[in-house]
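Biologist: I'm new to this one. Could you show it to me and walk me through a few spots?

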Amino acid sequence: MSGLNGDTVRGAVLRGMRAALRLQRDLGADRGAARGHRVDVFGAIQKTQATLMFQSLEPLLGAYLRENDQAGIILTTRRPLGQQRFTAAHELGHHVLGHDPHADDDSILRRSPDRARDYAGLPPTEREADAFASHFLVPDWLISTLMQRQGWTPRHLDDPGVVYQMSLRAGASYRATLFALSRLG
């Protein structure tokens, strides 16, 4: 991508990625025994002092709320756990990045921080929150650790069954895992 929009997309993705890696580091998710396990997004929300609630929301997947110094994240109970985890990470991204309150529908599940056409009309805050969620839930170091532990080589990742197993171990949807693998090339 080139031009101002390309710079904006790239800058937003980098801000989201850096914030995710910083929070993982601050929480110790990237070290020791925690390094080989899925990232605890719900625990991370609590550790950032945001209130976490689950409600039967329709058509929303989640929302980030803030009033004065109190922050909250609401997630729908009407979606599978992998989608709840991604939505939670996306809303956590809004919180960590200091964004204004926001509600999200299922469009957040159909876009990828790695595909420019998905981001052409999005505000930078959505780009940042998506990149945060992708890097927070399925960081490069988790993929490397899972591959080493399972004895998987890049060639194994041509098998959809292996990618599905990786998604289960990472606690992410199959699609989110594909995006993370695409990000790594």
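Biologist: Which residues are buried in H5?

Modeller: This is a predicted model, where local features need pLDDT of at least 70, side-chain atom pairs count only at pLDDT 80 or more, and totals for chains, interfaces and linings use all residues. Residues are numbered from 1 along each chain as its sequence is written, and side-chain values use heavy atoms, leaving out hydrogens and water. Helices here are DSSP runs (H or I, at least four residues), numbered from the N terminus, and buried means under 20% relative accessible area, exposed over 50%, partly exposed in between (1.4 Å probe, protein chains only). In H5, the buried ones are Trp 141, Leu 142, Ile 143, Thr 145, Leu 146 and Met 147.

Biologist: Which helices do the buried residues of H7 pack against?

Modeller: H7 covers residues 174-184, and its buried residues include Phe 179 and Leu 181. Going by contact (heavy atoms within 4.5 Å), they pack against H4 (124-137), H5 (140-150) and H6 (160-170).

Biologist: And just after H7, which residue takes a positive phi?

Modeller: Just after H5, Gly 151 has a positive phi of about 75°. Just after H7, the residue with a positive phi, about 80°, is Gly 185.

Biologist: Is His 94 buried or exposed, and which side chain does its own side chain make a polar contact with?

Modeller: His 94 sits in helix H3 (residues 81-96). With a relative accessible area of 1%, His 94 is buried. A polar contact is a pair of N or O atoms within 3.5 Å; within protein, one must be able to donate a hydrogen and the other to accept it, and residues adjacent in sequence count only if both atoms are side-chain atoms. At 2.8 Å, the partner of the His 94 side chain is the side chain of His 99.

Technical notes:
Helices (H or I, at least four residues) and strands (E, at least two) are DSSP runs, numbered from the N terminus.
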